[in-house]
Amino acid sequence: MIITRRAFTAALSLTGLAALSGLSPLRLISDALAQKATAADVAKPVSLPDMALGPANATVTMTEYASMTCPHCAHFNETVFPKIKSEYIDTGKMRYVFREFPLDIKAAAGSMLARCIAKDDSGKYFAVIDMLFRQQNDWVLKNTTETLKRIGKQAGLSEQAVETCLKDQALLDKIAADQKYAADVLKVNSTPSFFINGEAVKGVTFEDFDKVIKPLLKS
């Protein structure tokens with residue numbers, strides 16, 4: 001389901017949050033069979049420019065699809081990603097790409113806010129993403145709109161700028177289009193989902209990813 005402007009506005013209102021808290025994903029995942037996605041399919045951004053850390057010419061590229069309301073994504077961000085960043089990204093061995101795969105309307109709102117705050121600044125984008133994950137219980141379980149306004153203010157946006165951001169239909173459409181591409185072409189159906197050099201990887205711990213990354217660096 002592609003969320004509509006009306007549903008999105010209702011979900012961000014004080015009265016609409018509880019009613020829509022159990023909303024299904026933005027779009028139902030297609031069960032149609034398709035050819036396996038290629039590394040090129042994974043590599044190309046669709047509607048929105050990629051937000052990435054690490055050198056563009058790195059031997060290894062890790063791509064994560066995440067939803068801002070996903071507790072497993074928040075756990076990865078807090079416990080696993082810092083180790084990956086320290087070991088591989090900060091040392092220039094790997095490029096890390098983060099892509100939005102919102103599983104509900106609140107997740108879409110969080111993604112929109114991060115994009116509006118960061119513009120084209122990847123460093124600022126990842127700082128906002130980290131803040132949203134760390135404060136996930138506050139803005140997801142409580143008053144979503146007011147908390148997002150507070151986070152936006154901390155990042156330098158006025159209350160009006162946050163409201164304008166969350167009403168940006170073009171941005172919402174691009175996020176939805178990228179989510180649809182990931183679901184239909186790459187067969188992403190849960191978060192977090194990971195690809196390393198175009199291959200889907202099932203990982204939970206740092207050791208899971210480390211076993212995949214190290215051989216690629218040696219090849």
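I began with the contacts of Ala-118: leaving aside residues up to four places away in sequence, Ala-118 touches Lys-124 and Tyr-125, contact being heavy atoms within 4.5 Å. I noted that this is a predicted model, in which local features need pLDDT of at least 70, side-chain atom pairs count only at pLDDT 80 or more, and totals for chains, interfaces and linings use all residues. Residues are numbered from 1 along each chain as its sequence is written, and side-chain values use heavy atoms, with hydrogens and water left out.

**Ala-118**

I placed Ala-118 in helix H5 (residues 105–118); helices (H or I, at least four residues) and strands (E, at least two) are DSSP runs numbered from the N terminus. I looked up its accessibility: Ala-118 counts as buried because its relative accessibility is 4%. Buried means under 20% relative accessible area, exposed over 50%, and partly exposed in between (1.4 Å probe, protein chains only). I also checked Met-51, which is 67 residues from Ala-118 in sequence and 9.7 Å from it in space, C-alpha to C-alpha.

**Helix H11**

I compared the length of helix H11 (residues 206–218) with expectation: at 1.5 Å a residue its 13 residues should span 18 Å, and the end C-alpha atoms are 18 Å apart, which agrees. The expected span is 1.5 Å times one less than the number of residues. I found Phe-206, Phe-209, Asp-210 and Ile-213 buried in H11. The cover over the buried residues of H11 includes helix H4 (71–89) and the strands E2 (60–66), E3 (94–100), E4 (193–196) and E5 (199–201).

**Largest pocket**

I recorded a volume of about 330 Å³ for the largest pocket. Its lining has 18 residues, and Ser-193, Phe-194, Phe-195, Ala-200 and Lys-202 are the closest to its centre. On a 1 Å grid over the protein atoms alone, a pocket is an open set of points with protein on both sides within 12 Å along at least five of seven lines, a cavity is a set where a 1.4 Å probe fits but cannot get out, and lining residues have an atom within 4 Å of a point. Strands E4 and E5 each supply at least two residues of the pocket lining.

**Largest cavity**

I searched the whole structure and found 1 cavity of 30 Å³ or more. The largest cavity holds about 100 Å³ of space. Of its 14 lining residues, Val-46, Leu-48, Asp-50, Arg-99 and Asp-178 lie nearest its centre. Strand E3 and helix H10 (169–184) are the elements that give two or more residues to this lining, and E3 gives the most, with 3 residues.

Notes: Grid points are joined across faces, edges and corners, and a volume is the space filled by probe spheres set on the points.
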